[in-house]
Amino acid sequence: MFLLVLGSSLGLMTLFVWFRLVRSTTRPGRTRRILTALLLILTALLVAALMLRRDPGGSSWLAWPGYLWFGLLAYLVLTLLVLEPLHLVARLRRRRLPAEEAPDLERRLFLARAGAVAAGAAAVGVTGVGVATALGPPDVVRVPVRLARLGAEFDGFRIAVVSDVHLGPLLGRRHTERIVRMINETEPDLVAVVGDLVDGTVAQLGSAAAPLADLVSREGAFFVTGNHEYFVEDTDEWLTELDRLGLQVLRNENTRIRRGASAFDLAGVNDLAGRSVQQPPDFDAALRGVDAATPTILLAHQPVQVSEAARRDVDLQLSGHTHGGQMWPFHYAVELAQPSLAGLSTVDGTQLYVSRGAGFWGPPVRVGAPPDISVLTLRG
């Protein structure tokens, strides 16, 4: 169903762009044929990148032009839609004028070309800024979080939260090395990796993930699955590999973090996509045995899972998944499915923190949603 909707949307977007940028700006002939062929080639590269996404190594040469075109196509459609009312007004005006007063073909071509140039320049500019943002270093976002019943020994405790790294055909080992270096520079007490780390198998991306072994924190690094961990061929193979790299995987379970006489419970649940492989999230199992006298912090990839966390009196849920919307204004669609796009909020008494993620999926473009690594400082 997802591929059907995506394919239909891409087809309509491409047809619209062809009509406005090619057919409306050219006469029948060689120029129109060349531009049509170019548009078809770019579309074929995008389709190939989408179809070969399970082979991050072999498809990287297709992925870059394909996904860049994906981002540019989206903003071409948006800018052309902004100009569409002008085309409608011009068309209505032509219908009302006598035939001898109607604008000639040359004038209509000039106006169409001027609109196409304006739309193209705006789309290229927005996409270019978005690419620079997506490929640049993540912001380090520092957020104080107050928790009831937090022991004095944990006042000032720092949790580095990173999500949606998305190692794959566009992001590899250097991306991981930069993230690890930036996390270590914050000197965290604990690292929480909340899903969507990889878009490929261990054989394809094991070397790209290897720098995670260099994470340094006083209480260790922890991981929960995201939906993309269930899109690979062998989820368990990745979880074994992450354990080997020193990340403790919380699979519907919890662990006690202690300092002196104080403690809190750190729990983790599988992502909702785990249902597809008989590994669904199990909140009862994840929170079994937690101490109601001390705080409980839950790692759950999708913010929408906070509704279950709130029913069980979880104090704080750490999530990702949304990418902060990644590409404005498409974040409005994400807001329909999730209770929060980014930052700290409260849902039914449970605090929810959502990271914008350190990577991206699909187009290497971020507009209005820069990547981040979040450092949460706990306060009593």
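The largest cavity holds about 60 Å³ of space. The structure is a predicted model, and one cavity of 30 Å³ or more is counted in it. Rolling a probe the size of a water molecule over the atoms shows where empty space is left.

The lining of the largest cavity consists of Val162, Val165, Thr176, Ile179, Ile183, Val191, Val193, Leu197, Leu212 and Leu215. By class, nine of the lining residues are nonpolar and one is polar, while none is charged. Two elements, helix α5 (173–185) and strand β3 (190–193), each contribute at least two residues to this lining. The largest share, three residues, is supplied by α5.

The relative accessible area of Asp265 is 2%. Asp265 is therefore classed as buried, as this value falls under the 20% cut-off.

The surroundings of Asp265 include residues from other parts of the chain. With residues up to four places away in sequence not counted, Asp265 touches Asn254, Thr255 and Arg256, as well as Val290, Asp291, Thr294, Pro295, Thr296 and Ile297. Of these contacts, Pro295 is 30 residues from Asp265 along the chain, and the C-alpha atoms of the two are separated by 6.4 Å. Arg256 is also joined to Asp265 through the side chains, by a polar contact of 2.8 Å.

Conventions: Residues numbered from 1 in each chain as written. Predicted model: local features only at pLDDT ≥ 70, side-chain atom pairs only at ≥ 80, totals over all residues. Heavy atoms only, no water. 1 Å grid on protein atoms, 1.4 Å probe; cavity = no way out; pocket = protein on both sides within 12 Å on 5 of 7 lines; lining within 4 Å. Points joined across faces, edges and corners; volume = space filled by probe spheres on them. Helix = DSSP H or I, 4+ residues; strand = E, 2+ residues; numbered from the N terminus. Nonpolar A, V, L, I, M, F, W, Y, C, P; charged D, E, K, R; others polar. Buried < 20%, exposed > 50% of the residue type's maximum accessible area, 1.4 Å probe, protein only. Contact = heavy atoms within 4.5 Å. Polar contact = N/O pair within 3.5 Å; in protein donor to acceptor, adjacent residues only side chain to side chain.
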